[in-house]
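Visitor: Please take one part of this model and go through it closely, with the cut-offs stated as you use them. Then carry on to whatever connects to that part.

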Amino acid sequence: MPSDSERKRMAIAKPVAIAKRNNGTNPLSDLSMADLVHEMISRLGEDPSREGLKDTPRRVAKAYDDLTKGYRQDPEALLKSALFTVNYDEMVIVKDIELFSLCEHHLLPFLGKAHIAYIPNGKVIGLSKLPRLVEIFARRFQVQERLTTQIAETIMQVIQPQGVGVVVEARHLCMMMRGVEKQHSAAVTSSMLGCFRDERETREEFLALIRTKNTNGIV
Ligand SMILES: [Zn+2]
């Protein structure tokens with residue numbers, strides 16, 4: 001077993017371009033994701049063969065496959081599958097959409113809520129698609145700011161509404177668990193496009209609506 005300082009050095013050493021070290025071949029590419037997790041557990045000083053950990057590499061590989069499935073899904077196709085022509089130009093708002101993502105800096109979760117509003121311009125999307133859209137972008141390695149703008153920009157592009165507003169509130173486990181910047185572990189990000197950016201009144205109506213607490217269990 002390596003000493004504690006040796007272990008730490010190995011753990012945080014910058015990855016060298018592996019192929020470079022091996023005449024253009026990467027020996028790790030032959031390994032399964034479960035093999036890599038098995039190796040990680042062992043590097044962290046645990047025994048991957050003990051009973052409780054025996055199936056962990058396989059489970060972790062499966063879990064990460066699921067938590068990153070957004071890479072293999074098409075957000076635009078999702079929205080296009082449920083576009084309807086309407087004569088309605090009031091604000092459509094879906095708030096408190098649960099959100100779970102992984103921060104791309106530590107691969108640890110951040111979780112919270114997304115609120116989405118738009119003002120149609122002849123077209124609306126089925127309401128159930130908005131939580132699905134959030135999920136497609138959340139199930140990738142993310143930073144909260146990019147997640148927020150990707151949601152807004154995709155809606156803008158596909159539905160071409162008068163405007164879109166997206167607010168994401170999330171808590172980041174990489175900060176909470178590591179005890180750094182605990183006071184900043186909750187972050188709020190927003191992306192306002194079209195009339196939500198240009199008209200203060202529209203933006204304020206949206207922000208007031210998402211601040212309203214649920215009282216009747218319906219809205
Ligand atoms: Zn992080």
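Guide: Ile136 is found in helix H6; helices (H or I, at least four residues) and strands (E, at least two) are DSSP runs, numbered from the N terminus. The model is a predicted one, in which local features need pLDDT of at least 70 and side-chain atom pairs count only at pLDDT 80 or more, while totals for chains, interfaces and linings use all residues. Residues are numbered from 1 along each chain as its sequence is written.

Ile136 counts as buried because 23 C-beta neighbours lie inside 10 Å. The term buried requires 20 or more other C-beta atoms within 10 Å of the residue's own, exposed means 12 or fewer, and partly exposed is in between, with C-beta atoms placed from the backbone. Leaving aside neighbours within four places in sequence, Ile136 is in contact with Gly70, Gln73, Pro75 and Leu78; contact means that the C-beta atoms of two residues, placed from the backbone, lie within 7 Å. The C-alpha atoms of Ile136 and Leu83, 53 residues apart along the chain, are separated by 18 Å.

Helix H6 covers residues 129–138 and packs with H7 at an angle of about 135°, the axes being 10 Å apart. Axes here are lines fitted to C-alpha atoms, for helices over the stretch in contact, and angles run from 0 to 180 degrees between N-to-C directions. H6 is therefore oblique to H7: angles under 35 degrees count as roughly parallel, over 145 as roughly antiparallel, 65 to 115 as roughly perpendicular and the rest as oblique. The crossing of H6 and H7 is right-handed, where right-handed means that the near helix is turned clockwise from the far one by less than a right angle, and left-handed anticlockwise. On the H6 side, Leu133, Val134, Phe137 and Ala138 meet Leu147, Gln150, Ile151 and Thr154 of H7. By class, this contact of H6 with H7 has six nonpolar, two polar and no charged residues. Nonpolar covers Ala, Val, Leu, Ile, Met, Phe, Trp, Tyr, Cys and Pro, charged covers Asp, Glu, Lys and Arg, and the others, Gly among them, are polar.

Next, H7 itself. The 16 residues of helix H7 (residues 144–159) should span 22 Å at 1.5 Å a residue, and the end C-alpha atoms are 23 Å apart, which agrees; the expected span is 1.5 Å times one less than the number of residues. Buried residues in H7 are Gln144, Leu147, Thr148, Gln150, Ile151, Ala152, Ile155 and Ile159. Just after H7, Gln160 takes a positive phi of about 45°. Most residues other than glycine have a negative phi.

Thr148 leads on to Ser190, which is in contact with Thr148, Val166 and Val167 once neighbours within four places in sequence are left aside. Ser190 lies in strand E7 (residues 186–194) and is partly exposed, with 18 other C-beta atoms within 10 Å. Between the C-alpha atoms of Ser190 and Val166, 24 residues apart along the chain, the separation is 5.5 Å.

Positive phi values also occur at Asp96, near 55°, and at Leu107, near 55°. Asp96 lies in strand E2 (residues 92–103) and is partly exposed, with 13 other C-beta atoms within 10 Å. Leu107 is in the loop between E2 and strand E3 (109–119) and is exposed, with 12 other C-beta atoms within 10 Å.
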